[in-house]
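Subject: Structure handover, pockets and cavities

Hello,

Here is the structure for your files.

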Amino acid sequence: MTDPLPQLEPFPDDWQTALCIAAHPDDLEYGTAGAVAAWTRAGKTVTYLLITSGEAGIDGLDPAECGPLREAEERAGAAEVGVETVEFLGYPDGVVEYGLPLRRDIARAIRRRRPDLVVTSNPDPRPAWGGIDYADHRAVGLAAVDGVRDAGNRWVFRELLDEGLEPWKVRYTALGMSPRASHAVDVTDTIEASVASLHAHRRYLEGLGESAPDVDGMLRGFAAMHAPRFGGRLTVAYELLS
């Protein structure tokens, strides 16, 4: 018999501002939006940074039309959980590369936003839900982890100093869908907001056709996945790096 997984710790509450970084519109709505709703209801400020506009995400829609549509759906989904500021960096969807340009752009956003907490995707190829994660997710997660460190070092990307952006030390970095989850946010009271946030991506979900998920059932299933490790409560779990 394998040893049972340890109980999850409550997610830290000693912070006020968060920046959530994701590759595509809808990525944050697959779980993290429930935690965001809990945070904004508690008076915290959360902003979003999307690396792409998700323009390659709907098979039957030209990217030139799809990108603006998906940006609008992301803003609508963010509003459902109390997020007012959503920024897009415009990297090409599906072919995001880990490297210095992406690290610099993320470090720039962190220095500008000055968050206490950064939430991003897990760079591990095998996420908590199984299978192999998308290349964009992995590239963005790793670049975000490195970008957090870069943002705090004045001698990395010195051109940011010329832009008037002083170094900023992020207090916590949290990885979503990590197989090494250590902390959890109780989303029992915000699961409906989480579901509404993903439902805001109407055209994207329609474009999935028969493979479109049962949004309510899927998100509740994700939230129940770690419930035995958190007093039976619905949760969003994270690996906390710092």
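A search of the whole structure, which is a predicted model, turns up 1 cavity of 30 Å³ or more. On a 1 Å grid over the protein atoms alone, a cavity is a set of points where a 1.4 Å probe fits but cannot get out; a pocket is an open set with protein on both sides within 12 Å along at least five of seven lines; lining residues have an atom within 4 Å of a point. Points are joined across faces, edges and corners, and a volume is the space filled by probe spheres set on them.

The largest cavity has a volume of about 40 Å³. Its lining includes Gly31, Gly34, Leu219, Phe222 and Val236. Helix 8 gives the most to this lining, with 3 residues (helices are DSSP runs of H or I, at least four residues, and strands of E, at least two, numbered from the N terminus).

The largest pocket has a volume of about 940 Å³. It is lined by 39 residues, and the closest to its centre are Asp26, Asp27, Tyr30, Trp129 and His137.

The second largest pocket holds about 210 Å³. Of its 13 lining residues, Ala38, Trp39, Ala184, Val185 and Asp186 are the closest to the centre. Strand 7 gives the most to that lining, with 3 residues.

Residues are numbered from 1 along each chain as its sequence is written. In this predicted model local features need pLDDT of at least 70, side-chain atom pairs count only at pLDDT 80 or more, and totals for chains, interfaces and linings use all residues, while side-chain values use heavy atoms, with hydrogens and water left out.

Regards
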